[in-house]
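Please keep the sequence and the structure at hand while reading.

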Amino acid sequence: MDSTGEGSGGGKGEAAEAEGEGKRLDRLPEALVCTIMSKLDVGSICSVASTCRAFRASASHIFAFIPNFHLLEIALSIDLLRRLLPRNPYLRSLKLDCERLDDSAISLLSQPALQELYVHNCSDFTGKLLSQIASNCADLRCLYLGSVAEKRGRAIHISDLEDLLSRCKQLEALVLMFDVSLFFSHNFAPIWASASQKLECLEIGYVSSVMVTDLLAPNLAPKSPNSLQPSILPGIQKLILSVDSITDIMVATISNGLLSLTHLDLRDAPFTEPTIVTDLTNSGLELVNQHGKLKHLSLIRSQQYLITYFRRVNDLGLLMMADKCANLESISLGGFCRVTDSGFKTILHSCSRLYKLKVCHGTHLTDLVFHDISATSLSLTHVSLRWCYLLTSHAIGNLVSNMQLKVLDLRECKSLGDEALKSIGTLPELKALRLDGMDISDFGLSSLRERVIKSLTSLSLRGCKRLTDRAITVLFKDTSNLELQELDLSNIPSLSDEGILSLARSRVPVSELRIRQCPLIGDTSIMALASMQVDDDQRHGNCLRLLDLYNCGGITQLAYKWLKNPYFPRLRWLGIAGSVNRDIIDALARNRPFLRVTCHGEEIGPEQWDNVDGSYAQEFNEVDGIGGWLVGEGGEHGFHLLSDDDDDDDDGNHMMLE
């Protein structure tokens, strides 16, 4: 019988042994236990606390003095948050997912000693969150506010933001990850005059270009009306904005007003085709980096609402910009449809310190850009060339002369095939590889097996239509000690249960698996993954934290039995088809209260933005014990205990894998 079950003699013996261990632990000084446990993260503390009464008592005391409380993988209710987060005069850093919280939790979030506060998914909060943080957290250095007041009926008043800016005088980094134009269209710029002079990093989820221009425009000196002063935010070094349209006026204002700027990231998504007044032109590019301190530059035009490009920028614009950007270390350019090889080569040959290159929708970018790249002094480690349809395997052959490449993104480069994989297969340090939509075969993937597959932590083969089940065997059969954590096999028509069985047999330690829109994937795949044991801890499917099964054609309601506890004990994100009976989803939510289930095809995961550049580190805390400790063991909210019928099915699964 499975070790999670009860009723056997072995199970009772183990329980008695655990109880004996608990009694012995009771003899240890509580101060010693607390000191040791305080070195763990929050999820691990909860896991340890669920093992015995002594650790549970120690955990309750630890949460009153730990300096860091980070729990982003699950969304706590207000009742659970009260138990985990008492008033703590030593708490310096707090990171939470607030999806299940509202204004009633503000007093718990705004603790006086905080220097770093990251609160995500605050859609049910109002502007009171900002004003209370201002009142209670005077020493705050870093603040991230995500999705504030996005629910209908919630609002933020301009006075709430003004309180935040005027009272938090130690702020060094501020991230407002929501649409500020919905709440602050009037009097937005003046209130920033009282912002912290120490503010170095500012990121805004969405703001109009006019508001940005008003905010950063140089001030008229009060005593000398004819002389211009720097922006009211003179200390800004890092500026990240999503706007309606990137314009010459906005770029000029930013470049002239921010004297210390080293990192500029601008992204727009126009609703209508920009006019010459509301667009970026060669003249605007010429004004980038007026003070010569810029090291990181990103100018991206998204096609989220409209297929549009920077049609008023050509090679001349990049040539003029390159003259002032010789010290750039990373550059991202998206939507420059009139820039040809000459413009892109100018960047590569002018910026000798460049290590990160990203080009999206480079419609005129060809192999010639990389023809003589080996003759340059570049040491590229991150390269992304998305939707560059004219690139062939010759470009990749020249590009891999940078043997230090760690991230390579070639999504939707449809002219690339197996020959390109031969070149990629020589890279010894590659960590992330994205090949979505490429014309590659099962045989071509064998080029990655000897060297690259051993170093990869992330691999995406989404939409590679020629691949079959054999691709899994080619990549993973008889491999060991792999570091692969993220695997995307979505939208591969020929991928079937047999391929997933091969993946399960290979025991690859994948924590994120995406197999959405694969019509041949069925219940057998779920059973195989549920039974997969990557290590020897006897827990099934124990590495998977994310499983995306959206629109897999062969999955029936029977498969959802295998998505309940104790299977997939670390699963935090699950994507399924929207046609599933709502009762099944509700039953799954009762069985696994911390599991996030999506049914509408949206992309899921710990980070929704594009992380191909490896710029963030995921925090995979051990949160498995929270359900057992807080919500209660057994019953509808605890860990499901196997019945005899379940045990028989489990044995059958192991036979299937063998």
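In helix 12, the buried residues are Asp315, Gly317, Leu318, Met320, Met321 and Ala322. The model in which they are seen is a predicted one, and within it helix 12, spanning residues 315–322, is mostly covered, with six of its eight residues buried. The cover over these buried residues includes helix 11 (282–286), strand 11 (296–301), strand 12 (330–334) and helix 13 (341–350).

At the start of helix 12, a side-chain oxygen of Asn314 comes to within 3.0 Å of the backbone nitrogen of Leu316. In the loop between strand 11 and helix 12, Arg311 forms a salt bridge with Glu273, at 3.3 Å from N to O. Because Glu273 belongs to the loop between strand 10 (263–268) and helix 11, this pair ties together parts that are 38 residues apart in sequence. Arg311 counts as partly exposed, at 36% relative accessibility, and Glu273 likewise counts as partly exposed, at 36%.

## The fold as a whole

The secondary structure of the protein comprises 23 helices and 22 strands, and 55% of its 658 residues count as buried. Among contacts with a separation of 6 or more, 76% are between residues 24 or more positions apart. The accessible surface comes to about 27,600 Å², and carbon and sulfur atoms account for 51% of that area.

## Nonpolar core and surface patch

In soluble globular proteins, nonpolar side chains tend to be buried together. The largest nonpolar core here has 192 residues, of which Phe69, Leu145, Trp192, Phe370, Ile424 and Leu461 touch the most other members. Helix 18 (residues 470–476) gives the most to this core, with five residues. Leaving out residues up to four places away in sequence, Leu145 touches Val119, Leu129, Leu130, Ile133, Leu164, Val175, Leu176, Met177 and Phe178.

Nonpolar side chains are also found on the surface, where Leu28, Leu32 and Ile36 form a patch with about 270 Å² of accessible area together. Ile36 lies in helix 2 (residues 30–37), and it counts as exposed because its relative accessibility is 53%, the cut-off being over 50%.

## Buried charges and a salt-bridge network

The count of salt bridges comes to 24. One of them joins Glu73 to Arg545, with the closest N and O atoms 3.0 Å apart. Glu73 lies in strand 1 (residues 68–75) and Arg545 in the loop between helix 20 (523–531) and strand 20, so the pair ties together parts that are 472 residues apart in sequence. Are these two residues buried or exposed? Glu73 counts as buried, at 2% relative accessibility, and Arg545 is buried too, at 4%.

Another salt bridge joins the side chains of Asp488 and Arg462, at 2.9 Å from N to O. This pair links distant parts of the chain, with Asp488 in strand 18 (residues 486–488) and Arg462 in the loop between strand 17 and helix 18, 26 residues apart. Asp488 is buried at 9% relative accessibility, and Arg462, at 19%, also counts as buried because the cut-off is under 20%. Both residues belong to a network of salt bridges that links Arg462, Asp488, Arg516, Asp548 and Glu603.

In strand 17 (residues 458–460), Ser458 counts as buried, at 11% relative accessibility. The side chain of Ser458 makes a polar contact of 3.3 Å with that of Glu486. Apart from neighbours within four places in sequence, Ser458 is in contact with Lys431, Ala432, Leu433, Leu484 and Glu486.

## Backbone features in the loops

Most residues other than glycine have a negative phi, and most peptide bonds are trans. Asn289, in the loop between helix 11 and strand 11, has a positive phi of about 65 degrees although it is not a glycine, and this residue is buried, with a relative accessible area of 9%. Arg507, in the loop between helix 19 (497–506) and strand 19 (512–514), has a positive phi of about 60 degrees, but counts as partly exposed at 37% relative accessibility.

A cis peptide bond joins Asn565 and Pro566, with omega about 10 degrees. Pro566 is located in the loop between strand 20 (546–548) and strand 21 (573–575).

Definitions and conventions: Residues numbered from 1 in each chain as written. Predicted model: local features only at pLDDT ≥ 70, side-chain atom pairs only at ≥ 80, totals over all residues. Heavy atoms only, no water. Patch = residues over 30% accessible without salt bridge, like charges linked within 9 Å, V, L, I, M, F, W, Y side chains within 5 Å. Areas by Shrake-Rupley, 256 points an atom, 1.4 Å probe, with all protein chains shown as cover. Salt bridge = Lys/Arg side-chain N within 4 Å of Asp/Glu carboxyl O. Helix = DSSP H or I, 4+ residues; strand = E, 2+ residues; numbered from the N terminus. Buried < 20%, exposed > 50% of the residue type's maximum accessible area, 1.4 Å probe, protein only. Contact = heavy atoms within 4.5 Å. Polar contact = N/O pair within 3.5 Å; in protein donor to acceptor, adjacent residues only side chain to side chain. Core = buried A, V, L, I, M, F, W, Y, C linked by side-chain atoms within 4.5 Å.
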